[in-house]
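Visitor: I have a model open and want to learn how to read it. Where do we begin?

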Amino acid sequence: MNFKDNASLILSLKEGNRKAFSYLIDTFHHDLCVYANSLINNNIQAEDVVQNVFIRLWEKRNNLNEHFSLKSFLYKSVYNEFIDQYRKTQSVLRIEKIYISYCL
């Protein structure tokens, strides 16, 4: 099957086609990691962000709309995952600072 067409790729993903998912990863993984690394400036965390996006996409593939751009969706998802992780990190750092100042 030809996965170059956005709509057919999404329909294949919704059907649970693992070859379509592999194609998606092969096509976008590297570029998404580069993008994530430009946000985080940490290769390992960038890989984690992209992996989380792909996992979530597979889990929620039935909600995909075949009229949306999968590429745009993936990039936006990476950005949102970065923001989520950043907020969690900032919360922890704030709590640690409060704890340290209290203990001193």
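Visitor: Which residues does Glu81 touch, leaving out those up to four places away in sequence?

Guide: First, note that this is a predicted model. Glu81 touches Val49, Asn52, Val53 and Arg56. Glu81 itself is found in helix H4.

Visitor: Is Glu81 buried or exposed?

Guide: Compare the relative accessible area with the cut-off: buried means under 20%. Glu81 has 7%, so Glu81 counts as buried.

Visitor: Which residues of H3 are buried?

Guide: Start with the general idea. An α-helix has 3.6 residues a turn, so residues three or four places apart point the same way. In H3, the buried residues are Ala46, Val49, Val50, Val53, Phe54, Leu57 and Trp58.

Visitor: How do I read the core?

Guide: In soluble globular proteins, nonpolar side chains tend to be buried together. Here the largest nonpolar core has 25 residues. Leu13, Leu24, Phe54, Leu57, Leu70 and Leu74 have the most contacts inside it. Helices H1 (6-14), H2 (18-40), H3 and H4 (70-103) each give two or more residues to this core. H2 provides the largest share, 8 residues.

Visitor: What does Leu13 touch, beyond residues up to four places away in sequence?

Guide: Leu13 touches Ala20, Phe21, Leu24, Leu57, Trp58, Arg61, Leu64 and Leu70. Leu13 is one of the buried residues in H1, along with Ser8, Leu9, Ile10 and Ser12. Just after H1, check the backbone: Gly16 takes a positive phi of about 85°.

Visitor: And pockets? Which residues line the largest one?

Guide: Rolling a probe the size of a water molecule over the atoms shows where empty space is left. The largest pocket here has a volume of about 200 Å³. Its lining is Val53, Arg56, Leu57, Lys60, Asn63, Leu64, Phe73, Ser77, Asn80, Glu81 and Asp84.

Visitor: Which helix gives the most to that lining?

Guide: H4 does, with 5 residues. H3 and H4 each supply at least two. Glu81, where we began, is among the lining residues.

Notes:
Residues numbered from 1 in each chain as written. Predicted model: local features only at pLDDT ≥ 70, side-chain atom pairs only at ≥ 80, totals over all residues. Heavy atoms only, no water. Buried < 20%, exposed > 50% of the residue type's maximum accessible area, 1.4 Å probe, protein only. Helix = DSSP H or I, 4+ residues; strand = E, 2+ residues; numbered from the N terminus. Core = buried A, V, L, I, M, F, W, Y, C linked by side-chain atoms within 4.5 Å. Contact = heavy atoms within 4.5 Å. 1 Å grid on protein atoms, 1.4 Å probe; cavity = no way out; pocket = protein on both sides within 12 Å on 5 of 7 lines; lining within 4 Å. Points joined across faces, edges and corners; volume = space filled by probe spheres on them.
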